[in-house]
Amino acid sequence: MKIKSTADKVWDWIFVIFCIFIGVICLAPMLNLLAKSLSGSSYLIKNEIYLWPKGFNLDAYATVLNDPKYLKSFVWTVFLTIVCTLLSLTMTTLCAYPLIFDKLKGRGFINVFITITMFFNAGAIPNYLLMQKLNLLSHPLVLILPSCLSVFNMIIMRSFFYSIPESLRESAEIDGATFFQILIKIYVPLSKPVMATLALFYAVGRWNGYSDALVYMREAKYYPLQLLLYNILNNINQVEVATQEGFSAPGLSESLKAAIVMFSTVPILMIYPWLQKYFIHGVTLGAVKE
């Protein structure tokens with residue numbers, strides 16, 4: 001075992017301190033929001049809340065949990081995230097898998113054609129007109145179909161499929177396995193790391209998405225949680241919020257906004273620990289190995 005020199009140990013400590021510093025910077029805004037959501041209105045008005053709550057109370061969370069519009073939006077967003085993630089993984093797999101076969105006619109053209117879409121798109125107005133012609137405006141499918149495939153994620157999955165030995169596929173073909181049997185019984189089980197990584201990407205993207213709903217959706221019952229939060233943060237002032245929610249205490253709106261942000265952020269953060277072991281492997285795809 002190699003003994004580290006004093007200089008190496010010093011650099012190790014510098015690196016650790018730097019990582020801790022970056023971690024604190026990343027956590028500070030979340031801690032500030034959490035503190036605001038648990039603090040009393042009087043302390044929020046005086047702007048005395050930083051990283052620790054004052055006048056501890058759960059009024060803001062009680063307001064969120066007792067209001068049907070927040071819970072309905074939360075349930076709809078969870079359902080939307082699950083459906084979009086499963087559909088996106090399916091579409092990504094079905095798109096990436098055929099492109100690893102050398103005998104696929106026009107494979108080079110298809111690869112180039114698909115890659116071009118990463119850099120060029122029609123734009124917001126043509127996309128809106130397309131959704132209008134397809135009668136998808138204000139329809140739940142408008143939040144699912146347009147974003148069901150990411151070319152970047154497809155390229156990641158295709159690269160992972162390339163790393164699986166062709167001998168496995170060839171032996172399965174000799175045994176009489178069909179095209180889809182090889183995919184389901186060989187490639188999918190061996191691709192858990194990349195699928196878990198892409199599932200996290202798709203889930204976070206859909207959970208945090210609101211721009212498509214803002215443009216295409218007019219039915220308030222189909223608003224995802226982030227759009228509801230967007231409307232609260234941008235279109236409602238303190239007095240209106242306090243009045244609508246049945247409170248007269250000034251400063252409640254700040255606590256309520258913080259509570260809604262926490263309410264919409266924590267669930268997606270809880271998914272990461274379950275996918276961490278796959279995520280670490282997945283994000284290192286293509287790394288140099290010794």
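# Helices, cores and loops: a working chat

Author: In this predicted model, Arg107, Asn111, Ile114 and Thr115 of helix H5 meet Val151, Met154, Ile155, Arg158 and Tyr162 of helix H7.

Reader: OK, and how do the residues of that contact of H5 with H7 divide by class, nonpolar, polar or charged?

Author: The residues in the contact of H5 with H7 divide into 5 nonpolar, 2 polar and 2 charged. As for the geometry, H5, which covers residues 107-116, packs with H7 at an angle of about 145°, and their axes are 10 Å apart.

Reader: Let me step back a bit: how many helices and strands does the protein chain have?

Author: The secondary structure of the protein chain comes to 15 helices and 0 strands.

Reader: And what share of the residues is buried?

Author: Of the 290 residues in the protein chain, buried ones make up 35%. The accessible surface of the chain comes to about 18,000 Å², and 69% of that surface belongs to carbon and sulfur atoms. If you look at contacts between residues at least 6 apart in sequence, 70% of them join residues at least 24 apart.

Reader: Which residues have the most contacts inside the largest nonpolar core?

Author: The largest nonpolar core has 24 residues, and those with the most contacts inside it are Tyr97, Met154, Phe161 and Tyr187. At least two residues of this core are supplied by each of H4, H7 (151-163), H9 (179-190) and H10 (192-208). Apart from this core lies another one, of 18 residues, which has Val64, Ala203, Ile260 and Ile268 among its members.

Reader: Back to Tyr97, then: what does tyrosine 97 touch?

Author: Leaving out residues up to four places away in sequence, tyrosine 97 touches Phe161, Phe179, Ile182, Leu183 and Tyr187.

Reader: Now some helix pairs: at what angle do H3 and H4 pack?

Author: Helix H3 (residues 59-66) and helix H4 (residues 68-96) pack at an angle of about 70°, with their axes 5 Å apart. H3 and H4 are therefore roughly perpendicular to each other.

Reader: Which residues meet there, between H3 and H4?

Author: From H3 there are Thr63, Val64, Leu65 and Asn66, and they meet Pro68, Tyr70 and Leu71 in H4. Sorted by class, the contact of H3 with H4 has 5 nonpolar, 2 polar and no charged residues.

Reader: And H9 with H10, how do their axes cross?

Author: The axes of H9 and H10 cross at roughly 70° and come within 5 Å. That makes H9 roughly perpendicular to H10. The residues that make the contact are Val188, Pro189 and Leu190 of H9, together with Lys192, Pro193 and Met195 of H10. By class, this contact of H9 with H10 has 5 nonpolar, no polar and 1 charged residues.

Reader: Switching to loops, where does isoleucine 144 lie?

Author: Isoleucine 144 lies in the loop between helix H6 (124-133) and H7. With a relative accessibility of 10%, isoleucine 144 counts as buried. Setting aside residues up to four places away in sequence, isoleucine 144 touches Leu80, Val83, Cys84 and Leu87.

Reader: Which value does phi of asparagine 135 come near?

Author: Phi of asparagine 135 is near 60°, a positive value in a residue other than glycine. Asparagine 135 has its place in the loop between H6 and H7, and at 63% relative accessibility it counts as exposed. Serine 138 is also found in the loop between H6 and H7, and its phi is near 65°, again a positive value in a residue other than glycine.

Reader: Last one: is valine 75 buried or exposed?

Author: At 54% relative accessibility, valine 75 counts as exposed, and its place is in helix H4.

Terms used: Residues numbered from 1 in each chain as written. Predicted model: local features only at pLDDT ≥ 70, side-chain atom pairs only at ≥ 80, totals over all residues. Heavy atoms only, no water. Axes fitted to C-alpha atoms, helices over the stretch in contact; angles between N-to-C directions. Helix = DSSP H or I, 4+ residues; strand = E, 2+ residues; numbered from the N terminus. Parallel < 35°, antiparallel > 145°, perpendicular 65-115°, else oblique. Contact = heavy atoms within 4.5 Å. Nonpolar A, V, L, I, M, F, W, Y, C, P; charged D, E, K, R; others polar. Core = buried A, V, L, I, M, F, W, Y, C linked by side-chain atoms within 4.5 Å. Buried < 20%, exposed > 50% of the residue type's maximum accessible area, 1.4 Å probe, protein only. Areas by Shrake-Rupley, 256 points an atom, 1.4 Å probe, with all protein chains shown as cover.
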